Amino acid sequence: MNHWLKSALDLVFPRNCVHCGDAVEQSPCEFVCAPCAKAILPCLPPACKTCGYPFFGAVIGPKVCPHCIDLDPVFDHGKTLFIAKTAGRSLLHHLKYQRGFYVLKDLSRLVTTSRHYLDYIQNAILVPVPLHPTKLRERGFNQSEKIAQMLTEATAGSSQIEHLLIRRVYTQTQTRLNHAERHRNVKNAFALAPDTVLIPDKQYILVDDVFTTGSTLNACARVLRDAGATHLNVVTIGHG
Ligand SMILES: [Zn+2]
Ligand SMILES: [Zn+2]
């Protein structure tokens with residue numbers, strides 16, 4: 001759409017902020033107003049090597065954050081784009097629960113302007129965390145796959161998506177479970193997709209929308225490790 005037409009449409013149908021509902025004007029984002037965009041907390045280095053949560057202030061001692069103390073990561077590193085609060089949370093909610101695929105444009109812009117994040121996802125095979133077929137039918141799409149597609153486009157094709165995993169167990173929603181319960185819940189939930197071969201030299205990166213306890217990503221990582229992945233990272237958009 002050309003710039004003139006877009007401006008004319010904005011006058012007739014002003015876009016509203018997905019977080020506060022105000023009109024979006026002179027914002028770096030298309031669906032987040034300028035004050036809400038400014039309040040998104042990016043996960044900049046120095047950060048936890050497992051989940052990407054930023055260390056605010058001086059870093060002394062082991063580089064693992066309090067969220068990851070109970071996690072024994074099977075993967076090498078993890079990175080997150082922003083803290084899943086404020087407008088960052090609203091962007092992810094619009095994508096996941098309201099089929100708001102338009103927010104991917106704003107997420108893409110946040111990715112391409114975060115050098116450390118963009119460098120991290122280059123020259124890799126991105127593996128979306130799969131949904132169970134029943135859940136996929138209910139939701140109609142896999143948000144991790146949508147995010148992985150956006151990420152490959154952000155790398156201008158240096159990275160590709162491969163659907164290496166399947167979810168064979170329909171797990172209950174994890175939001176109310178603690179770390180140990182989540183771990184049990186997903187432990188054997190994933191398997192390698194049929195006819196899948198992993199190449200040990202390749203960099204594999206598991207993709208999910210949010211890093212919460214890391215249980216789901218760790219369960220996926222276990223399957224890929226067992227199948228021969230030697231370079232294995234994870235990436236998420238939000239830290240929940
Ligand atoms: Zn706003
Ligand atoms: Zn961490």
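This is a predicted model: local features need pLDDT of at least 70, side-chain atom pairs count only at pLDDT 80 or more; totals for chains, interfaces and linings use all residues.
Residues are numbered from 1 along each chain as its sequence is written, and chains are lettered from A and ligands numbered from 1 in the order in which they are written. Local features need pLDDT of at least 70, side-chain atom pairs count only at pLDDT 80 or more, and totals for chains, interfaces and linings use all residues, while side-chain values use heavy atoms, without hydrogens and water.

**The zinc sites**

Donors are N, O and S atoms within 2.8 Å of the metal (3.2 Å for Na, K and Ca); water is not among the atoms, so sites may look incomplete.

| Ion | Protein donors | Distance | Spacing in sequence |
|---|---|---|---|
| zinc ion (ligand 1) | Cys 17 (SG), Cys 20 (SG), Cys 33 (SG), Cys 36 (SG) | 2.3 to 2.4 Å | C-x2-C-x12-C-x2-C |
| zinc ion (ligand 2) | Cys 48 (SG), Cys 51 (SG), Cys 65 (SG), Cys 68 (SG) | 2.3 to 2.4 Å | C-x2-C-x13-C-x2-C |

Why is the arrangement around the zinc ion (ligand 1) tetrahedral? The four donor atoms subtend angles of 101 to 116 degrees. Four donors count as tetrahedral if all angles lie between 85 and 135 degrees. Cys 20 and Cys 33 both lie in the loop between helix 1 (3–12) and helix 2 (34–38), so the pair ties together parts that are 13 residues apart in sequence. Helices here are DSSP runs (H or I, at least four residues), numbered from the N terminus.

Cys 20 is partly exposed, at 38% relative accessibility. Cys 33 is buried, at 4%. Buried means under 20% relative accessible area, exposed over 50%, and partly exposed in between (1.4 Å probe, protein chains only).

The site of the zinc ion (ligand 2) is tetrahedral, with angles of 101 to 116 degrees among its four donor atoms. Cys 48 is buried at 2%, and Cys 51 is buried at 0%.

**The two domains**

The chain is divided into domain 1 (1–39) and domain 2 (40–239). These bounds come from an automatic or database domain assignment. The C-alpha centres of the two domains lie 28 Å apart. Eleven residues from domain 1 and twelve residues from domain 2 make the contact, meaning heavy atoms within 4.5 Å.

Together the domains bury about 1100 Å², 60% of it on carbon and sulfur atoms. Buried area is the accessible area (1.4 Å probe) that two parts lose on being put together, summed over both. Val 18, Phe 31 and Ala 39 supply 45% of the area that domain 1 buries against domain 2, more than any other three residues.

How many salt bridges does the rule find across the interface of domain 1 and domain 2? It finds one. Lys 105 forms a salt bridge with Glu 30, with the closest N and O atoms 3.0 Å apart. The rule asks for a side-chain nitrogen of Lys or Arg within 4 Å of a carboxyl oxygen of Asp or Glu.

Terms used:
Four donors count as tetrahedral if all angles lie between 85 and 135 degrees; four count as square planar and six as octahedral if opposite donors are over 155 degrees apart and all others between 65 and 115; anything else is irregular. Helices (H or I, at least four residues) and strands (E, at least two) are DSSP runs, numbered from the N terminus.
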